[in-house]
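Subject: Structure handover

Hello,

Please find the structure below, followed by notes on what was found in it.

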Amino acid sequence: MRDDIEQFVKKHDEGVRYIVFGALTVLVSWVSYALLALVGVDYAVSNGLSWFFAVVFAFFVNKYFVFRSMDSNTMTLGAEMVQFFASRIFTGLVAIVLFPFLMSIGLDFVFLGVPGLFARGVNSGVEIVLNYILSKFVVFRKKD
């Protein structure tokens, strides 16, 4: 069993790293939101800042640990950061548009007692896949 797990991790190393660091990014987002809210920062401001902190964290862990883009000259770093933020804004907008569409086509049923939770899960799945594709093939693509 342990050999099977090791083989899987070795074969899908980048994907496993993406999932692990994605979970840590969610943790950064939630913890930063909670800390800001606890010290009295308005919830909307806390939400926006927690998104920003999570994207900055995600940029660096994706760059160095997931996609192993080691070029750190100022121009490359700046270009990758702009592309990364732009791609996260784009996928956020896709999620904003996709969610009501999913609800309108019948994924609005109650799941675990929460209306629209299934649609939200599908929406998040699409957003995660798009983030991975844009990071791998646009932001941190291997330069020849």
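Leaving out neighbours within four places in sequence, Asn123 is in contact with Ala95, Leu98, Phe99 and Leu102; contact means heavy atoms within 4.5 Å. Asn123 is found in helix H5. With 3% relative accessibility, Asn123 counts as buried; buried means under 20% relative accessible area, exposed means over 50%, and partly exposed is in between, with a 1.4 Å probe and protein chains only.

Before the rest, two notes on the source. This is a predicted model, in which local features need pLDDT of at least 70 and side-chain atom pairs count only at pLDDT 80 or more, while totals for chains, interfaces and linings use all residues. Residues are numbered from 1 along each chain as its sequence is written, and side-chain values use heavy atoms, with hydrogens and water left out.

The chain as a whole

The chain has five helices and two strands. Helices (H or I, at least four residues) and strands (E, at least two) are DSSP runs, numbered from the N terminus. Starting at the N terminus, the order of the elements is α-α-α-α-β-β-α. The C-alpha trace spans about 45 × 45 × 30 Å along its principal axes. Of the 144 residues in the chain, 28% are buried. Among contacts in the chain with a separation of 6 or more, 59% are between residues 24 or more positions apart.

Aromatic rings

Rings of Phe, Tyr and Trp (its six-membered ring) count as a pair if their centres lie within 6.5 Å; planes under 30 degrees apart are stacked, over 60 edge-to-face, and the rest tilted. By this rule there are 14 aromatic pairs. Why is the pair of Phe59 and Phe140 tilted? The ring centres of Phe59 and Phe140 are 5.8 Å apart and the planes are at 40°, so the pair is tilted. This pair links distant parts of the chain, 81 residues apart: Phe59 is in helix H3 (residues 43-66), and Phe140 is in the segment after helix H5 (117-139). Phe59 counts as buried, at 0% relative accessibility. Phe140 is buried too, with a relative accessible area of 2%. Both belong to one aromatic cluster, formed by Tyr18, Phe59, Phe60, Tyr64, Phe67, Phe84, Tyr132 and Phe140.

The largest pocket

Pockets were searched for on a 1 Å grid over the protein atoms alone: a pocket is an open set of points with protein on both sides within 12 Å along at least five of seven lines, for a 1.4 Å probe, and lining residues have an atom within 4 Å of a point. Grid points are joined across faces, edges and corners, and a volume is the space filled by probe spheres set on the points. The largest pocket has a volume of about 1,000 Å³. It is lined by 34 residues, of which Val26, Trp51, Arg88, Glu127 and Asn131 are the closest to its centre. Helix H2 (13-38), H3, helix H4 (74-107) and H5 each give two or more residues to this lining. Which element gives the largest share of the lining? H2 does, with ten residues. The lining residues of the largest pocket divide into 19 nonpolar, twelve polar and three charged. Here Ala, Val, Leu, Ile, Met, Phe, Trp, Tyr, Cys and Pro are nonpolar, Asp, Glu, Lys and Arg are charged, and the others, Gly among them, are polar.

Some single residues

Tyr33 is in helix H2 and is partly exposed, with a relative accessible area of 31%. Not counting residues up to four places away in sequence, Tyr33 touches Tyr43, Ser46, Asn47 and Ser50. The C-alpha atoms of Tyr33 and Tyr43 are 8.1 Å apart, and the two are ten residues apart in sequence.

Ile19 is also in helix H2 and counts as exposed, at 60% relative accessibility.

Arg68 is in the loop between H3 and H4. Its phi is near 50°, a positive value in a residue other than glycine. Arg68 counts as partly exposed, at 46% relative accessibility.

Regards
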